[in-house]
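Take a look at this protein chain. Keep the display open while you read.

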Amino acid sequence: MTMQAASTEIMSRTAAIIDEMKGLEGPLLPILHSIQEEFGHVPKDALPVLADGLNLSRAEVHGVVSFYHDFRAHPAGRHVLKLCQAEACQSMGSEAVAAKVKQLLGIDFHETTRDGSVTLEPVYCLGLCACSPSAMLDGEVIGRLDDEKIEEIVAEVRS
Ligand code: FES
């Protein structure tokens, strides 16, 4: 698909989602979730359509998208690795875990490796505090992260 066609497709699907959901109370968040479900991220081309469709300014829409960490501005990698950065995990060294993972992958939170293999995201409590520091890889939780587990995870997402 050409870029022009892709962007037309994004705009028309976004308009259809808005039509379906704009009757909801506080429709912006559910609409953004639907858009992310459809495209895997919230594409830039969807933002002006949202602003027009919901009578908001583009700055307001942009503000909401960037405020909620759930929304991605770019397509995710083949794997999504979330590292818990909430309190219980922090007290068990999650910051050091994050620093190590970032260094091994060469990316920061909210980034995807250049080869598209993995997207790294922070998450705030996975309900696994008893086994902190914890992470989630492609929807599966992993507890008690230590150097060995971190290296295994990085090798897995890279393979
Ligand atoms: S704080 Fe990390 S799992 Fe609860």
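This is a predicted model: local features need pLDDT of at least 70, side-chain atom pairs count only at pLDDT 80 or more; totals for chains, interfaces and linings use all residues.

Q: How many helices and strands does the secondary structure of the protein chain come to?
A: From the N terminus on, the order of elements is α-α-α-α-β-α-α-β-β-β-β-α. The totals are seven helices and five strands.

Q: What box do the C-alpha atoms of the protein chain fill?
A: The box is taken along the principal axes. Its sides are roughly 50 × 35 × 25 Å.

Q: Are helix 2 and helix 3 roughly parallel or roughly antiparallel to each other?
A: Two packed helices are described by the angle between their axes and the distance between the axes. For helix 2 and helix 3, the axes lie 12 Å apart and the angle is about 150°. Angles over 145 degrees count as roughly antiparallel. Helix 2 and helix 3 are therefore roughly antiparallel.

Q: Is the crossing of helix 2 and helix 3 left-handed or right-handed?
A: Helix 2 spans residues 28-39, and helix 3 spans residues 46-54. Their crossing is right-handed.

Q: Which class of residue makes up the contact of helix 2 with helix 3?
A: Helix 2 brings Leu-28, Ile-31, Leu-32 and Ile-35. Helix 3 meets them with Ala-46, Leu-50 and Leu-54. By class, the contact has no polar residues, no charged residues and seven that are nonpolar.

Q: Which element gives the most to the lining of the largest pocket?
A: The largest pocket holds about 550 Å³ of space. Its lining has 26 residues, and His-41, Val-42, Arg-72, Ala-73 and His-74 are the closest to the centre. Helix 1, helix 4, strand 2 and strand 3 each supply at least two lining residues. The top contributor, with four residues, is helix 1.

Q: How many nonpolar, polar and charged residues does the lining of the largest pocket have?
A: Sort the lining of the largest pocket by class. The counts are twelve nonpolar, nine polar and five charged.

Q: Which element gives the most to the lining of the second largest pocket?
A: The second largest pocket has a volume of about 160 Å³. Its lining includes His-33 and Gln-36, and also Glu-121, Pro-122 and Val-123. Helix 2 and strand 3 are the elements that give two or more residues. The largest share, three residues, comes from strand 3.

Key. Residues are numbered from 1 along each chain as its sequence is written. Side-chain values use heavy atoms; hydrogens and water are left out. On a 1 Å grid over the protein atoms alone, a cavity is a set of points where a 1.4 Å probe fits but cannot get out, and a pocket is an open set with protein on both sides within 12 Å along at least five of seven lines; lining residues have an atom within 4 Å of a point. Grid points are joined across faces, edges and corners, and a volume is the space filled by probe spheres set on the points. Ala, Val, Leu, Ile, Met, Phe, Trp, Tyr, Cys and Pro count as nonpolar, Asp, Glu, Lys and Arg as charged, and the others, Gly among them, as polar. Axes are lines fitted to C-alpha atoms, for helices over the stretch in contact, and angles run from 0 to 180 degrees between N-to-C directions. Angles under 35 degrees count as roughly parallel, over 145 as roughly antiparallel, 65 to 115 as roughly perpendicular and the rest as oblique. A crossing is left-handed if the near helix is turned anticlockwise from the far one by less than a right angle, and right-handed if clockwise. Contact means heavy atoms within 4.5 Å.
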